[in-house]
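Colleague: I'd like to learn how to read helix packing and a ligand site. Can we work through one model together?

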Amino acid sequence: MTESTAKQNLLDLDREGLERFFADELGEKRFRAHQVMKWIHHRHVTDFDEMTDLGKPLRAKLLERAEVIVPQVHFDKPSTDGTHKWLLGMDGKNAIETVYIPDKGRGTLCVSSQVGCALNCQFCSTATQGFNRNLSTAEIIGQVWVAAKHLGNIPHKQRRLTNVVMMGMGEPLMNFDNVVRAMSVMRDDLGYGLANKRVTLSTAGMVPMIDRLSEESDVSLAVSLHAANDELRTELVPLNKKYPIAELMAACERYVRRKPRSSITFEYTLMKDVNDQPVHARQLARLMRQFGNALQVKDAAKVNLIPFNPFPGTRFQRSGEDEIRAFQKLLLDAQVLTMVRRTRGDDIDAACGQLKGQVADRTRRQAEFRKHLEQITGGEGGDAAA
Ligand code: SAH
């Protein structure tokens, strides 16, 4: 092992992990861990010598035992509408994309969880990249670090980074521990101080991990549905073969029951002549009504319609404006809270489903996917990604 790999990257640790590292490895008090956390996340300082409220001996100890490695910015690209995209290098071979989307009164960062993705959703550009590996905690929270530094964000003052959505590249629930740890730093006052409900995890429907998430974290949940019947959903989201709609909705129900006052956002990408017809809207409305009735909670389900964002080589097209409006109206008439997500940053390929990054080895997708599913489900098959 080289000297540098033996060091602990402090960006890999949340508050609890840092406290433990300071106590067990350095023999230091907890508040020292808090000071360092503030230096890293509030002031974006990575050089221990600049952490001036730490004594010299502690700084020397840190230099020897620890490091703060942040992602490398390959390039950043502003869009004409204020959206900003970063291509971040992770290991010299792979790169991922992170997108900042400002809107009235808020700023949302779209964060990636994996290099590529193993799920093979048919309408998603990331899927065409294949899957290489999970991102570490440092690489996930590092995306927030880079964006916050760029935005000059200072917690508790004027915040320009108010929301994080785990909707970049990858399936966050297939990288559970690192994602949950990174989300804990996002919500920590010593980190980025975001409110629980302003951190959203989006999943294609990893049912067992939805249950685990409800036990271990307190974030908002978004579920990528895209079709309200199994035949069509399996075609669009192959994971549906493993976890069909009834099981997915039951997991969503358990999630809301465990988290009083919560609601779930169901994402539905609208593709011309594929899933955008009135019959599809009626199926979706029925499913959403059943969900609300079972829970007896008004607006337990919110629908977010995403007009499809095209990318080179795709066979899908965006639905027309009339179809989008008609689809939304049908849901609203059925008392289902429904929004249309306005497309942002499409001049820089930063819109939903357009993120690609650079994936060094694409061939591992199937093997990795099976391995993950086996770990999660205890080994019963993994043929969902056709
Ligand atoms: N794997 C997670 C998060 C990444 S995708 C998930 O599936 O939820 C984030 C959102 O963008 C998902 O709802 C996804 O279905 C949607 N999306 C993917 N490709 C898209 C495209 N080309 N146009 C519009 N939305 C897309």
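Colleague: At what angle do the axes of helix α9 and helix α10 cross?

Modeller: First, a caution: this is a predicted model. Now the general idea. Two packed helices are described by the angle between their axes and the distance between the axes. Here, α9 (residues 245-258) and α10 (residues 278-295) cross at roughly 40°. Their axes come within 10 Å. The crossing is right-handed.

Colleague: Which residues of α9 meet α10?

Modeller: On the α9 side, take Ile245, Met249, Cys252, Glu253, Val256 and Arg257. They meet Leu287, Met288, Phe291, Ala294 and Leu295 of α10. By class, that contact has nine nonpolar, no polar and two charged residues.

Colleague: Let me try another pair. How far apart are the axes of α5 and α6?

Modeller: The axes of α5 (residues 137-151) and α6 (residues 176-187) are 8 Å apart. The packing angle is about 35°. Again, read the handedness next: α5 passes α6 in a right-handed crossing. Then list the residues. α5 contributes Thr137, Ile140, Ile141 and Val144. α6 contributes Asn178, Val179, Arg181, Ala182, Val185 and Met186. The classes are seven nonpolar, two polar and one charged.

Colleague: Which ligand atom lies 2.7 Å from a polar side-chain atom of His226?

Modeller: An oxygen atom of the ligand. Glu267 is next on the list: an N or O atom in its side chain is 3.1 Å from a ligand oxygen atom. Asn309 uses its backbone, with an N or O atom 2.9 Å from a nitrogen atom of the ligand.

Colleague: How much of the ligand's exposed area does the protein bury?

Modeller: Taken alone, the ligand exposes 530 Å². The protein buries 96% of that. Finally, ask which elements build the shell.

Technical notes
Residues numbered from 1 in each chain as written. Predicted model: local features only at pLDDT ≥ 70, side-chain atom pairs only at ≥ 80, totals over all residues. Heavy atoms only, no water. Axes fitted to C-alpha atoms, helices over the stretch in contact; angles between N-to-C directions. Helix = DSSP H or I, 4+ residues; strand = E, 2+ residues; numbered from the N terminus. Left-handed = near helix turned anticlockwise from the far one by under 90°. Contact = heavy atoms within 4.5 Å. Nonpolar A, V, L, I, M, F, W, Y, C, P; charged D, E, K, R; others polar. Polar contact = N/O pair within 3.5 Å; in protein donor to acceptor, adjacent residues only side chain to side chain. Areas by Shrake-Rupley, 256 points an atom, 1.4 Å probe, with all protein chains shown as cover.
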